[in-house]
Amino acid sequence: MPTEILMNEWTTTTDARAIADWIDRTGTLALLTHAKPDGDALGSTLALARAINLKKGTSGAVSSAECWYAGPIPAWGSALIGNTKFRHAETGEMNPGVFDPAGVLITDTGSWTQLEPYRAFLEPRLDRTTIVDHHLQGDGEIASRRLIETDAAAVVQPVADICVALLGLNDPSELPLEIATPLYVGLATDTGWFKHSSVNRDVMHLAGDLLAAGVDHAELFAMLYQRDRAARLRLMGTALNSLEIIHDKNLAVMSLSEQDFKDAGAAPGDSGGFVDLPQSVASIRVVALLTEQHDADGVFTKISIRSKPSPWEGKEPVDVNAVCNKLGGGGHARASGARVRADIVGTKKQLIEALG
Ligand SMILES: [Mn+2]
């Protein structure tokens, strides 16, 4: 096989120590991650930027770093970012002549599809780019220097190793709190706050080290997940009140009208996640949330639908993508949606027909 193809294969080609050495000798670095950064993307870039800049400030190292983000940042992001300087890819500051870093370090992705806003900036700089990722797929051509740990639940795991190597520490429990905190956010969010099947001894070990470094996990949980407006809780009450359980107790349907949103003082985005709530009932296999709205052409209803497996009954999840296809919508097999030109009553009838 030609060397180039081998080089471009999505495999790991280096380790944390070697990346720390590369950072040390490079100079100015741009830290990039996927568009619409999540907790792992923000956590990994912030931890690295703080470790690199701390080293420069305390020991006169040559390298410095700046984070770049593209697309919307979660509402809690600004609290996590704090005073750490970052730029938006959309501002045009990436034009050549404005900013020309000596190195580019990408975390939590290695796919062009997730790096689209950076493509023009990245393409002429692939020879000075490094990737640290934990996904199963990626485009190896983006960087020949790659640390890919597909066993890691979050990219902050290899990033913690890089920070430890960079700062000459023994383990992550010795990290400064300003670095331990974003690492913990990445680890906790990518594991569904330590619920997903990806949680293992290594995850808990790192979490324990970060707690030893002083991370306040309860404060972080409140910062990320306990900042809803009261209006959302009122709307949730209305949605749960509307719950109908039909079809041999297999199907749950909830409905919300425009008036319900007004009465609760809620905004359109406030019903996000409601469709997951009835999945806690054992017999439920499919949940649909119907929200009725109006536009210039009259009434329409948005369907958001989820399905879940029932392994205790030996049942596979219903393909709700196929159900939504019949209604002119679609999505994924377990999470899908459609928009129907009818009111709630008419839409419910069509949905039940489509479910068969
Ligand atoms: Mn991740």
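How many helices and strands are there in the protein? There are 13 helices and twelve strands; helices (H or I, at least four residues) and strands (E, at least two) are DSSP runs, numbered from the N terminus.

The model is predicted: local features need pLDDT of at least 70, side-chain atom pairs count only at pLDDT 80 or more, and totals for chains, interfaces and linings use all residues. Residue numbers start from 1 along each chain as its sequence is written.

**Overall layout**

The C-alpha trace spans about 70 × 45 × 45 Å along its principal axes. Of the 356 residues, 39% are buried, meaning that 20 or more other C-beta atoms, placed from the backbone, lie within 10 Å of the residue's own. Two domains are given by the domain assignment, whose bounds come from an automatic or database source. Their C-alpha centres lie 37 Å apart.

| Domain | Residues |
|---|---|
| Domain 1 | residues 3–225 |
| Domain 2 | residues 230–355 |

**A six-stranded sheet**

An open sheet with mixed pairing has the strand order β7-β8-β9-β10-β12-β11; two strands pair if DSSP finds at least two bridges between them. Its edge strands, β7 (244–246) and β11 (330–331), each pair on one side only. Strands β9 (residues 286–295) and β10 (residues 298–307) run antiparallel and are joined by ten bridges. H294 has V299 in β10 as its bridge partner.

Helix α13 (residues 344–355) packs on this sheet and touches β8 (251–256), β9, β10 and β12 (335–340). The direction of α13 makes about 145° with that of β9, where axes are lines fitted to C-alpha atoms, for helices over the stretch in contact, and angles run from 0 to 180 degrees between N-to-C directions.

**Contacts**

Among contacts between residues at least 6 apart in sequence, 65% join residues at least 24 apart; a contact requires C-beta atoms, placed from the backbone, within 7 Å.

Terms used. Buried ≥ 20, exposed ≤ 12 C-beta atoms within 10 Å, placed from the backbone. Contact = placed C-beta atoms within 7 Å.
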